[in-house]
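Trainee: Before we look at any details, could you take me through this model step by step, so that each answer can be traced to a computed value?

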Amino acid sequence: MNAVADFLIAVLIDFKTEGPVAQIGFVALVLGAVFGVAIWFVRRVNKRVDVLVGTERDLKARLDKQLGIIEGLRKERDANADLLDQLDPDRFRKTLATARRTSLSAAEAEAETYVDWHAPALKDAYGVLLQARLAQVEYGESALLAARRHAMGAIAADPHDLDAQASLKTVDALLDAEARTPETEAAKTERAERDALLGEIEAAPEDPDVLRRVAAKFFERGRYRLAEAVAERALEAAAAAGRNPDGEFGLRVRFRMIESAIFGGRHMRAEQVLDPALEAAKRTQGPDAAVTLSLRSVQGSLALSQGRAAEAEAALRALLPDYERAQGESHPGTLATRHELARALLNQGRAAEAEAAWRALLPDLERVKGASHPDTLTTRASIARAQLDQGRAAEAEAAWRALLPDEERVKGASHPHTLTTRALLVAARARLGDVTGAREAAAGLPEDLGAVFGEGNPRIGRVLLPLGELAAAEGDREGAARRFEAAEALYAGRLAPEAFEHRDLAEARARWLPDDAAAPPAAAS
């Protein structure tokens, strides 16, 4: 820069000899050059400044972006920290407690309204599913487990559904029975017979005639739940084959369903099937047809099983002359009606009349059906029961002792009738003071009565009461009370207040557990 200045000064000195015009022109030229250089320099500086400003702006944008990312990460970190904090058990409990205080009441009310609105439909749906599963008599663990789920669903919809509770216990008993290996030869034989019958179904699962025959065999063996299920399948198969459900075949199958439901303790189910079946029989078969009369007879049996003995007596007395006129005095239906009429008398406390009626019936049964027919054996057992109710325990004990081997041979050791006879033998011996003999008879009774009779079946009480009497005779008052209470629970809600079972229970308590007695009563004569 100094060199340039020295050059300009030297040039000006040289121009001293020139004229004023030349000197002024030269100075203007120099000044213009300086001005141009200045402008060029300024522009160059401005350009560099713009580059720097742009660079700074870009750097700032990039920095803002990085700061945004950092801020997002910080927020995510805070959110995760909050989430982890929410998962802290103490904080979760406090939050839940607050939610309960503030909103649970409203939510609960809304949920209860929903459940109340839909519970009947849910109960019916689960009931249909449950019956469908139980009707799969091939069973198998998967079908039983599915039935168990449906039973629990029905109970959830209606916790007071006694049928669903009984079905749940039945399914559990069946699961347990399927898991056990038969120990005695009799049990092995019964399992083999059952498997053979199930094999018949498997071979012809849609044949109504086969299904009806198998249902009858299951009923004879006391497998009432299976008999009902197979009969229902027979009815469905007949409908699928185009048979009229109100024809004679369909009505007889429905009769089997009703009879099985009654003996299995499923009284409501029996009523559901009976009423429309009886109306259809009167309409399509006529009032004097055998199937119509059979349905009228089973109507009386249902009333008896529900504890309505007086009503049953009136119905059976009206039926008996119609049976004798239309079918004859020796017809099996006529004989069955006479038996049920005697049972109606016994259940009303008229034991002497009942015994006389059964004694008059017994020779007719022996003549028509044979001495070893199951119905003949049942009448022999009933006569002994009438004797026990009249205080003749020794006669009853002798009769049941003679009958028991016949029932075990004909019906099977685990048949409900055989077990009831054994239990009544226990009661007779306990009343006679033969505790050892009573204990020996009781040893043949299974622990799980529900698996045999069907859970919730009031007929189980007929076994529990004698076991309670034995416990009392042995001095186990607590055990006796426990069995009496179990029988009472089975009767509650299932039997009419006037049912003889209530009377038997009251008499057993008065005999064995009087408030002021410390020892069992004296032996009966």
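Predicted model: local features only at pLDDT ≥ 70, side-chain atom pairs only at ≥ 80, totals over all residues.

Trainee: Among contacts between residues at least 6 apart in sequence, what share joins residues at least 24 apart?
Mentor: Contact here is taken as heavy atoms within 4.5 Å. With pairs at least 6 apart in sequence as the reference set, the share that joins residues at least 24 apart is 60%.

Trainee: Are helices H20 and H21 roughly parallel or roughly antiparallel?
Mentor: Helix H20 covers residues 461-473 and helix H21 residues 477-491, and their axes come within 7 Å while crossing at roughly 165°. Since angles over 145 degrees fall in the antiparallel class, the relation of H20 to H21 is roughly antiparallel.

Trainee: How do the residues in the contact of H20 with H21 divide by class?
Mentor: The crossing of these two helices, H20 and H21, is left-handed. On the H20 side the contact includes Leu464, Leu465 and Leu467, and on the H21 side it includes Phe484, Leu490 and Tyr491. By class, the contact of H20 with H21 divides into 11 nonpolar, 3 polar and 3 charged residues.

Trainee: H20 also packs with H17, so are those two roughly parallel or roughly antiparallel?
Mentor: The axes of helix H17, residues 416-431, and H20 come within 8 Å and cross at roughly 30°. Because angles under 35 degrees count as parallel in this scheme, H17 and H20 are roughly parallel.

Trainee: Which residues of H20 make the contact with H17?
Mentor: The crossing of H17 and H20 is left-handed. From H17 the contact draws on residues including Leu419, Ala423 and Arg431, while from H20 it draws on Arg462, Val463, Pro466, Glu469, Leu470 and Ala473.

Trainee: How far apart are the axes of H10 and H11?
Mentor: Helix H10 spans residues 267-284 and helix H11 residues 290-305, and they pack at an angle of about 155°. That angle makes H10 and H11 roughly antiparallel, therefore, and their crossing is left-handed. The separation of the axes of H10 and H11 is 10 Å.

Trainee: Is glutamate 232 buried or exposed?
Mentor: Glutamate 232 lies in helix H8, residues 224-240, and, leaving aside neighbours within four places in sequence, glutamate 232 is in contact with Met257 and Arg269. Its relative accessibility is 14%, and the cut-off to apply is under 20%. Glutamate 232 therefore counts as buried.

Trainee: What separates the C-alpha atoms of aspartate 406 and serine 372?
Mentor: Aspartate 406 is found in helix H16, residues 393-410, and is partly exposed, with a relative accessible area of 21%. Apart from neighbours within four places in sequence, aspartate 406 is in contact with Leu377, Arg380 and Lys411. Although aspartate 406 and serine 372 are 34 residues apart along the chain, the separation of their C-alpha atoms is 7.5 Å.

Definitions and conventions. Residues numbered from 1 in each chain as written. Heavy atoms only, no water. Axes fitted to C-alpha atoms, helices over the stretch in contact; angles between N-to-C directions. Helix = DSSP H or I, 4+ residues; strand = E, 2+ residues; numbered from the N terminus. Parallel < 35°, antiparallel > 145°, perpendicular 65-115°, else oblique. Left-handed = near helix turned anticlockwise from the far one by under 90°. Nonpolar A, V, L, I, M, F, W, Y, C, P; charged D, E, K, R; others polar. Buried < 20%, exposed > 50% of the residue type's maximum accessible area, 1.4 Å probe, protein only.
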